Amino acid sequence: MSDLGEVLMSVLSTIRVPRPGDSVHKEECAFSFASPDSEGGLYVCMNTFLGFGAQFVERHYRRTGQRAFLHIKRTRRPQKEEENGSGAGDPPKKKPTRLAIGIEGGFDVSEQDQYDQEVKVVIFPERLEVTSEDLANMPDVVRERVSLSMAGVLSADSASHNLQVQQWDGEVRQVSKHAADLKQLDNGVKIPPWVSGWRCENCDLRENLWLNLTDGKVFCGRRYFDGSGGNNHALLHYQQTNYPLAVKLGTITPDGADVYSYEEDEMVLDPKLPEHLAHWGIDMMTMEKVCPHCLYSTSVLSLSCVHSACTRHQSCPCPVSALPVLYSDQSCPCPVRDPRFRLRIPTPVDPSLCPTVLTGWTKLGYGLLSGEYSKPAPDPGEDPSVTPEPKGDQVGIAPRMFKALIGRGHPEFSTNRQQDAQEFLLHFINMVERNCRSSDNPTEAYRFLMEERIVCQQSQRVKYTQRVDYILQLPVPMEHATNTEELQEYERRRREAEETLSPPPPAVRAVVPFSVCLAAFSEPETLEEFWSSALQAKSTASKTTRFASFPDHLVIQIKKFTFGLDWVPKKLDVSIDVPDSLDLSALRGAGLQPGEEELPDLAPPPLVTPDVEVKGIPGGFHGNEEDDSLCSPLLFSASAPVLDESTVGQLIEMGFPIEACRKAVYYTGNTGIDSAMNWVMTHMDDPDFSAPLVLPGSSSAPGGTPTSQTTPTESVSEEHLATIISMGFSRDQASRALRATSNVLERAVDWIFSHLDDLDSMDVSEGRSAADSVSEREPPQGPRVRDGPGKYELFAFISHMGSSTMCGHYVCHIKKNDQWVIFNDQKVCASEKPPKDLGYLYFYRRVTE
């Protein structure tokens, strides 16, 4: 015991007690998906409070020298023991009024499942174990410090829990518009107050029952995606009768109940609920809750699968279903396929930066590919020696840390609001590119160039430009549906049903051939307000888009959405016969052809500011991958930018800041109002959106006056330097970014990623001015792309299940060994009839001859 005391005394100075604001990673390893429930438990560093699985704890010790770890091993208690003490059926202490977790009016998540937990301190490298009983015999100073640290770690909310609570902020239910004057029929129906008297009138189901407040009918609820729930009879009853409000039986208490409005398509409040229930013989003041509230069920279930591969609930809309596709293709060059790659990742010094994006990316890839987390879990209470084959559901992967890293600072992906899989995929690609500057970039397999050919209709001269893209977006011309007559007949019958208040007819889905979508993409587009340099005036032009290169892997997005007259996005219910094999060779661009005459390389009339002299623009353009804009032509100029004044004026009239309008026109190369407007919408949330336009490579403020931010001799923070260098940038580049942003780390990171092309062409050193470097630089090289034949085969697709763009559920299908497999939350199984015609994103790989 004296030896243990001496060892603890030697490491006592490194043992900390968690303070408010410290992130305690006690639920998941930083480099794997090991947890306290894993076979080896979890080791929490008692200095940095980072968690490590048994496979990585010694590695952390060797790299940092931290010896004291709190080992947490958790075992779930048998089911019988849980049932005896669970208190199932008890009403909540306070009825939630808000779909939220951990905030006022929301749900209290302090109660957790019952576990047997074993906790001890482990000292490395000897692996000496110190239990709470051992501490009782230690010197007071040792016992007090270690006990406080252990208690602090165990009582602190885990970092993942805090993140989920921060991201989860539901909306307050609104009063239904039908509540005040709800019509209730006098048909003599009375609902018994006991549970045994409740059953669905169509299928005799006794769970998930809903009472229609208009006619007193009781039907079962919706069927969930996994087959559980009800049989949709309550919804079908509404479709037949248009009776809007229903209350869930079993949730009625003196405080209220779950009321759903089918017409408003959301949970609502009914101020007259006691009166409406009394009409059917239900005394609200005597009722007790006998089943979970919908809010509680949705929220608690969402906590358990909030960051799973796909999301089941509308409340947890992280569209990470694209990630299994990216990792599944063996031909995709991805470094995470080498398990040793994880061991080359440096351990971050700052716990708030752990893991880095590269670490999280590699960790997720290894978790998906290794098979370590696809094993069934043993049932609680069973002896593995007696029952060698585990029968429980597989643990799976919940990439909480990964989502937090990818979504950090993003206005949408840092929340749990409904999001789009295509937008998330582009954001993920952008984040990978930012963090692969010093290593192989796997996203190059998806990068390609598009060629745009513009023909001035009056002069017949042409202009060729190229832009970078990662996704081929295909429109859906609904007017070319092959079942137009059926659709028209359905609309006629639907209108008649609305007029006569009869049940609506069965829905008819539009059928549009894939070839029509492809033709709509490739047909010429008319540009009405094109500024022709040959005419020195505005004219009409046609634009044709073709492939300048074919990527190794092609992602196709079917644009199954449109905008109504109220500018609200609507999803198109359409079936498209997407082929298994695709040949796009005919869509390859050929560039300038013999006999074609190019438009002169002249700019529109410049927007001249009083204090800046316009000297023209250099010829040519270079691709710019600034921020999230993956395809922005860039015009370089050593002085003032030459901008299309009319386009700038149109943007200003829309209410945007003048400097933002100037940047939009500049970064889109004077290509018109449409592209400038797209740039504005993409960059509205940028911190420097309204800041003055500063040319790439310029170290001067507007007007030519050097600013103090770019003083070469200004000192920079070594800690901030180390953070930026860890992202793959050189010390000189990191120094320049920090000087340009007054040593503010967040601004420096944004700055450096918005000047990638500029940095690649510069050699800025500590004792050398930026102006010297600008004078010697060469034009930056264009983005690297891979090219090859345009023949592809389908290997995966992602589908969106739901009738609205504002809610729904993503599932993923991947073809493995000539068998389609569906990935739906934790469920992974063979798909006999994959709905390829209903996909949203399609993934093709090149066919090599």
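**Sheets, cores and helix packing**

Guide: The strand order β13-β12-β17-β16 makes up an open sheet of 4 strands with antiparallel pairing. Helices (H or I, at least four residues) and strands (E, at least two) are DSSP runs numbered from the N terminus, and two strands pair if DSSP finds at least two bridges between them. The model is predicted: local features need pLDDT of at least 70, side-chain atom pairs count only at pLDDT 80 or more, and totals for chains, interfaces and linings use all residues. Residues are numbered from 1 along each chain as its sequence is written, and side-chain values use heavy atoms, with hydrogens and water left out.

Visitor: What is the bridge partner of Ile-454 in β13?

Guide: Strand β12 (residues 448–456) pairs with β13 in the antiparallel sense over 8 bridges. Within β13, Ile-454 has as its bridge partner Lys-463.

Visitor: Are the residues of strand β7 buried or exposed?

Guide: Burial is judged by relative accessible area with a 1.4 Å probe and protein chains only (buried under 20%, exposed over 50%, partly exposed in between). In β7 (residues 209–212), Leu-209 and Leu-211 lie on one side, and Trp-210 and Asn-212 on the other. Both faces are covered, and these four residues are all buried.

Visitor: How many residues of strand β29 are buried?

Guide: Antiparallel β18 (residues 553–558) is joined to β29 by 5 bridges, with Ile-556 opposite Tyr-842. β25 (residues 791–801), also antiparallel, is joined to β29 by 7 bridges. Strand β29 (residues 839–846) is largely enclosed by the rest of the structure, because the buried residues number 8 of the 8.

Visitor: Which residues does Leu-8 touch, not counting residues up to four places away in sequence?

Guide: A nonpolar core is a set of buried Ala, Val, Leu, Ile, Met, Phe, Trp, Tyr and Cys residues joined through side-chain atoms within 4.5 Å. The largest has 38 residues, and Leu-8 is among those with the most contacts inside it. Elements that give two or more residues to this core include α1 (2–11) and α5 (140–155). Contact means heavy atoms within 4.5 Å, and Leu-8 touches Ile-123, Val-130, Leu-135, Met-138, Val-142 and Val-146.

Visitor: At what angle do helices α12 and α13 pack?

Guide: Axes are lines fitted to C-alpha atoms, for helices over the stretch in contact, and angles run from 0 to 180 degrees between N-to-C directions. The axes of α12 (residues 400–407) and α13 (residues 421–434) are 10 Å apart. The two helices are therefore roughly perpendicular, a class that covers 65 to 115 degrees, whereas under 35 counts as roughly parallel, over 145 as roughly antiparallel and the rest as oblique. The packing angle is about 80°.
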